[in-house]
Amino acid sequence: MTYKGRILFAVALTTTLGLGLTACNDGDDSASAQESPSASAPASPAPSSESPSAEPSDDASGAPSGDVAAPGTKFKVGDRAVLPFKYGTSKKGTVAVTVTAIEKGTEADMAPFGDKAKGMTPYYIRMKVENVGGTDLSYSSLRLRGQLEGGAPTGVILIGDLPGKCDNETAPRDFTTKGASYETCSLSATKTDPITVASFEEGDAYSDSPVLWTS
């Protein structure tokens, strides 16, 4: 099977160095593990984005529809959360994110990532993103991270997607007006327990205390 573009992922386990890997268009699943200090660079965001966050307060659960969700707010899959959003240096606004599903894939789905993905199970975090503020957020991209039950990190960082199974779509050109929306998917994976939580961690406040959706 031919895959569009290139798929790159970095694995960051709490007990090992990060590993880099590329799978090319020609379907070659071979990998070149970089053991030098620079090879772990792609996984450097892991401590801040994948580390266990402060336990959200149950009092924050169920923010009223239309109100910006406070850091640490808990939602259920299917709930809509209004969130501040910034993309790059020029695009800033307010979006509403509805996680519609956290779907379990199969280990075979990870074949495009090569041998380093053996033993990993992918999960597809599907969502709808709405433009609430009406600012120009065209061509922006939003990702959610998967977490294990209880909020523990997966220990895995994936860069890329699985075309046809989990496509991380950018906002369309007309994502510039209030009420505009699109659907996208964030890819996550685990070698251990199931992924049951989707986490929004963008912005300083949310990186310390993410907004969570649980299945």
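Visitor: Is Thr196 buried or exposed?

Guide: The model is a predicted one. A residue counts as buried when its relative accessible area is under 20%. Thr196 has a relative accessibility of 19%, so it counts as buried. This residue belongs to strand S10, which spans residues 195–200.

Visitor: Which residues is Thr196 in contact with, leaving aside its neighbours within four places in sequence?

Guide: With those neighbours left aside, the contacts of Thr196 are Ile102, Gln147, Leu148, Glu149, Trp213, Thr214 and Ser215. For one of these residues, Glu149, a specific atom can be named: its backbone nitrogen is reached by the side chain of Thr196 at 3.4 Å.

Visitor: Where is Thr154 placed, and what does its side chain reach?

Guide: Thr154 is found in the loop between strand S7 (145–148) and S8. Its relative accessibility is 6%, so Thr154 counts as buried. The side chain of Thr154 reaches the backbone nitrogen of Val156 at 3.1 Å. A separation of C-alpha atoms can also be read here: Thr154 and Lys191 are 37 residues apart along the chain, and their C-alpha atoms are separated by 7.8 Å.

Visitor: How many disulfides are there, and which residues are joined?

Guide: A disulfide is a covalent bond between the sulfur atoms of two cysteines. Here the count comes to one disulfide. The disulfide joins Cys166 to Cys185, with an S to S distance of 2.0 Å. The angle about the S-S bond is -100°, and the link of Cys166 and Cys185 is left-handed.

Visitor: Which parts does the pair of Cys166 and Cys185 tie together?

Guide: Cys166 lies in the loop between strand S8 (156–159) and strand S9 (181–190), whereas Cys185 lies in strand S9 itself, so the pair ties together parts that are 19 residues apart in sequence. Cys166 counts as buried at 0% relative accessibility, and Cys185 counts as buried at 3%.

Visitor: Which strands form the open sheet that contains S9, and in what order?

Guide: The open sheet has four strands, in the order S4-S5-S6-S9, and their pairing is antiparallel. Its edge strands are S4 (80–87) and S9, each of which pairs on one side only. Neighbouring strands of this sheet are turned by 40° against each other on average, direction ignored.

Visitor: Why is S9 described as largely enclosed?

Guide: Of the 10 residues of S9, eight are buried, so this strand is largely enclosed by the rest of the structure.

Visitor: How many helices and strands does the protein have, and what pattern does the protein follow along the sequence?

Guide: The protein has two helices and 11 strands. Along the sequence, the pattern is β-β-α-β-β-β-β-β-β-β-β-α-β.

Visitor: What do the totals for burial, contacts and surface come to?

Guide: Of the 215 residues in the protein, 44% are buried. Among contacts with a separation of 6 or more, 65% involve residues 24 or more positions apart. The accessible surface of the protein is about 10500 Å², and 51% of this surface belongs to carbon and sulfur atoms.

How values were computed. Residues numbered from 1 in each chain as written. Predicted model: local features only at pLDDT ≥ 70, side-chain atom pairs only at ≥ 80, totals over all residues. Heavy atoms only, no water. Disulfide = S-S within 2.5 Å. Buried < 20%, exposed > 50% of the residue type's maximum accessible area, 1.4 Å probe, protein only. Polar contact = N/O pair within 3.5 Å; in protein donor to acceptor, adjacent residues only side chain to side chain. Contact = heavy atoms within 4.5 Å. Pairing = 2+ DSSP bridges. Axes fitted to C-alpha atoms, helices over the stretch in contact; angles between N-to-C directions. Areas by Shrake-Rupley, 256 points an atom, 1.4 Å probe, with all protein chains shown as cover.
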